[in-house]
Amino acid sequence: MCVDSWPTFTTAICYRQKQHFSSSSSSSSSSSSSSSSSSSSVIPDICTVFTKNPETLRSLLLNERVVNWRNGLIFRGLPSSHCDLIKELATLSGLDITEYGGYNTFIHYSPENTDWQEKVLLLPVSILDESHAELVDTHLPYGGNQDSLNHVRACIRHLPNHCVMDEEGRPASWMLSDELCELRMAYTRPEYRRAGHLLALSLALIRRMSSLGLPVYCHVSQHNQAVINAVTSLGFSACPSIEKISVLLICKDRV
């Protein structure tokens, strides 16, 4: 983490450099080892920023001791007002930019008071292992590349998740958490929808995150009213005072 001044600061950048997780690492979320765990997983550089002063943010972002632009990175949870600056600097560095924007923040302020009444499912609730990473990655809007796959694999190995398995032991529905404690990467295969799987997984993961003393929150597209209704019914509250959130994927120029 880097700030523009101390102890009083106006800008902070949390920069997580590439991490290698060896196959000997213990897993808090995987119930078994997979063949993919025999090699190291590399997760991409990730930045999160806070600022009250765009000029100090620009100065820190241009400091190579703080941020390494050369190999690309991901800006997560980025307020929309900062996107133009980040895209400007990435363009100057000759990098390719993909933006996923328009997300609202929803926070569960009292997960300990959630009604934990279990929903009866025909399929058992379980935990993902690393052999399922490719399936999860396939259904991400930004998936399909090695960095994304490695990130999913690392999240499965190290962080809380839940899934529902079909009769053949293949995930039918799943929900993960990431290194920022956000609930995300939720998906249900079409043939298993409208059975309450994501509701059950949400309750299970909220309970697990709360028991670990972790915050419980998520970002939902402003256009996805069905999910907004679902998270609201689970006790999440919208945060209108927080700007719309974006994710910027910044990669080496593909041209």
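H1 passes H2 in a right-handed crossing, meaning that the near helix is turned clockwise from the far one by less than a right angle. The model is predicted: local features need pLDDT of at least 70, side-chain atom pairs count only at pLDDT 80 or more, and totals for chains, interfaces and linings use all residues. Residues are numbered from 1 along each chain as its sequence is written, and side-chain values use heavy atoms, without hydrogens or water.

Helix H1 spans residues 54-61, and helix H2 spans residues 83-92. Helices (H or I, at least four residues) and strands (E, at least two) are DSSP runs, numbered from the N terminus. The two axes, lines fitted to C-alpha atoms over the stretch in contact, lie 11 Å apart at an angle of about 30°. H1 and H2 are therefore roughly parallel (angles under 35 degrees). Pro54, Leu57, Arg58 and Leu61 of H1 meet Leu85, Ile86, Glu88 and Leu89 of H2 (heavy atoms within 4.5 Å).

Leu57, Leu60 and Leu61 are the buried residues of H1 (under 20% relative accessible area, 1.4 Å probe, protein chains only). They cover an arc of only 95° around the axis, so they sit on the same side of H1. The arc is taken from the directions from the helix axis to the C-beta atoms.

Cys181 lies in the loop between strands S10 (171-177) and S11 (183-188). Met185 lies in strand S11. Cys181 is buried at 18% relative accessible area, and Met185 is buried at 8%.

Key: Buried < 20%, exposed > 50% of the residue type's maximum accessible area, 1.4 Å probe, protein only. Axes fitted to C-alpha atoms, helices over the stretch in contact; angles between N-to-C directions. Parallel < 35°, antiparallel > 145°, perpendicular 65-115°, else oblique.
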